[in-house]
Amino acid sequence: MKKPQFVRKLFTTSRLLEFFTEKELSMQIGHSKEWWPIALLKELIDNSLDAAENINKPPEIQIVIAENYFSVEDNGPGIPDKVINRSLNYTVRVSDKSYYVSPTRGQLGNALKCVYAAPFVANGEIGKIEIVNGKKTYMIEVVLDRIDQKPKIKLNKLDEGNCKKVTVFYTDSAGLLLTPKVSNIYKTPMDAETLVKRYAIFNPHATFNLNGKTYEPSSTVWKKWLPTEPTSPHWYTPEQLKTLIAAYLSMDRDSEKTVREFIAEFRGLSGTTKQKEATDDAGLSGKRLCDLIVNNDIPLAPIEKLLMSLKKHSRQVKATSLGSIGEEHLKTRMMNDYHIAPNSFKYKKIAKIDEVTNLPHVIEIGFAIYDKDHEQNSRQVISGLNWSPTFDFLSEAKTMLFENHIEPQDPVCVVCHIARPKFEYTDKGKEQVCL
Ligand SMILES: Nc1ncnc2c1ncn2[C@@H]1O[C@H](COP(=O)(O)OP(=O)(O)OP(=O)(O)O)[C@@H](O)[C@H]1O
Ligand SMILES: [Mg+2]
């Protein structure tokens with residue numbers, strides 16, 4: 001007798017589910033579910049800092065954590081209407097940072113999508129997020145369509161809203177205020193105060209307020225590389241330049257934008273003579289960006305030639321232009337917030353162009369022993385990349401601690417920060433990098 005054959009059904013899974021199941025969302029956020037509230041809070045603070053810097057304002061960030069919601073308010077321009085609308089489309093990423101090589105805190109263009117999805121996935125019934133952008137109030141609701149077995153996103157708009165704020169209605173948000181018990185076995189999520197203290201240490205120009213407690217800036221005129229500054233050709237690989245050009249062209253395939261107009265947007269190439277020499281050398285004078293398209297692709301060879309020419313006609317950016325947090329600020333914050341003994345404080349800064357990647361970087365390290373009135377029997381390592389704290393500490397810091405025989409039970413506090421135009425993140429949480 002013929003054996004009955006098992007015929008597999010061909011299932012179609014909505015791309016929406018990439019953000020709407022616990023497993024997938026944990027991958028997008030880069031952390032497991034217990035970490036979601038703190039990881040999302042960090043993404044919102046990163047966005048707020050970048051946004052205020054985008055309009056050259058010293059950032060002022062207000063964070064409120066309540067029983068069942070948390071919110072981040074800033075003095076930036078507000079999330080533009082079109083960004084809010086587009087970010088709700090889960091088939092595309094929306095970012096003003098992702099294709100440029102520059103030291104901004106955000107880079108991937110997926111954080112807002114995680115913010116919308118997480119409250120729903122966490123409670124399984126309804127997720128609510130409110131965005132006020134200075135002109136309008138957007139109420140985003142994520143509910144389950146039980147027939148389609150798919151989450152549905154509803155958007156309600158009100159034509160009023162003065163502040164610039166994102167509120168995430170998240171069950172038991174107040175848990176963000178609880179200091180996790182120190183455990184050597186399990187990694188417990190960080191609490192909001194620890195996170196904000198870390199932001200304060202890496203951002204001398206910013207004011208943070210967490211539920212009424214203010215962390216004052218040490219200098220509102222402190223200088224760092226700003227997202228409004230043009231990016232340097234020296235920071236790009238040919239592939240990255242090609243991807244940037246492709247991104248411009250995919251917005252408008254028949255764009256009349258010339259190669260010369262495109263290169264005028266780079267650091268060191270604002271002068272018309274330089275632009276002319278650079279396009280001539282690349283053999284692209286009079287060409288438009290769309291002329292680079294061959295068979296629906298952009299061949300790499302002319303891009304390599306263009307990049308070589310851009311580098312030849314512009315100067316490499318000095319590492320010091322990225323800005324440094326500085327000894328004074330690190331010491332003051334470590335004294336105020338971490339109770340270190342001032343006399344034990346040591347500071348080291350390395351600012352140079354890396355020989356392998358050719359990228360400028362600034363590494364700063366502050367080291368101190370706790371004040372004897374605040375003795376602690378465990379070391380604390382506070383790491384940051386591009387003015388944003390990481391939850392885990394960097395491999396650079398790990399090596400340094402190991403070489404100096406600093407053990408987990410030693411009463412020392414170490415701060416390590418690296419600024420660089422681009423990190424190759426190996427995870428979506430923007431925590432692990434290849435240095
Ligand atoms: N507080 C804010 N004020 C103004 N614009 C914002 C704010 N938050 C986000 N945006 C805009 O929304 C875009 C998308 O934000 P999102 O956090 O999803 O991506 P990103 O910051 O570019 O990259 P990443 O996913 O690495 O954080 C940003 O690129 C920015 O243009
Ligand atoms: Mg972001």
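The C-alpha centres of domain 1 and domain 2 lie 35 Å apart. The two belong to a chain divided into domain 1 (15-215), domain 2 (233-312) and domain 3 (319-434); these bounds come from an automatic or database domain assignment. The model is predicted: local features need pLDDT of at least 70 and side-chain atom pairs pLDDT 80 or more, while totals for chains, interfaces and linings use all residues. Residues are numbered from 1 along each chain as its sequence is written, chains are lettered from A and ligands numbered from 1 in the order in which they are written, and side-chain values use heavy atoms, without hydrogens and water.

**Where domains 1 and 2 meet**

Five residues of domain 1 are in contact with seven residues of domain 2. Contact means heavy atoms within 4.5 Å. About 570 Å² is buried between these domains, and carbon and sulfur atoms give 72% of that area. Tyr 99, Tyr 100 and Val 101 supply 91% of the area that domain 1 buries against domain 2, more than any other three residues. Buried area is the accessible area (1.4 Å probe) that two parts lose on being put together, summed over both. Zero salt bridges are found across this interface. A salt bridge needs a side-chain nitrogen of Lys or Arg within 4 Å of a carboxyl oxygen of Asp or Glu.

**Helix H2**

Helix H2 covers residues 36-54. Helices (H or I, at least four residues) and strands (E, at least two) are DSSP runs, numbered from the N terminus. H2 reaches 27 Å from its first C-alpha to its last, close to the 27 Å expected at 1.5 Å a residue. The expected span is 1.5 Å times one less than the number of residues. Of the 19 residues in H2, 17 are buried, meaning under 20% relative accessible area (1.4 Å probe, protein chains only). Asn 56 follows H2 and has a positive phi, near 55°.

**Strands**

Two strands pair if DSSP finds at least two bridges between them.

| Strands | Bridges | Opposite residues |
|---|---|---|
| E4 (residues 137-145) and E5 (residues 150-158) | nine bridges | Val 142 and Ile 153 |
| E11 (residues 380-385) and E12 | two bridges | Leu 385 and Ser 388 |

E4 and E5 form a hairpin with four residues between them. In its turn, Gln 149 has a positive phi of about 55°.

E11 and E12 also belong to an open sheet of five strands, in the order E9-E10-E13-E11-E12 with mixed pairing. Strand E9 (346-353) and strand E12 (388-389) stand at the edges with a single partner strand each, so one side of each is left without a neighbour in the sheet.

Technical notes:
Buried means under 20% relative accessible area, exposed over 50%, partly exposed in between (1.4 Å probe, protein chains only).
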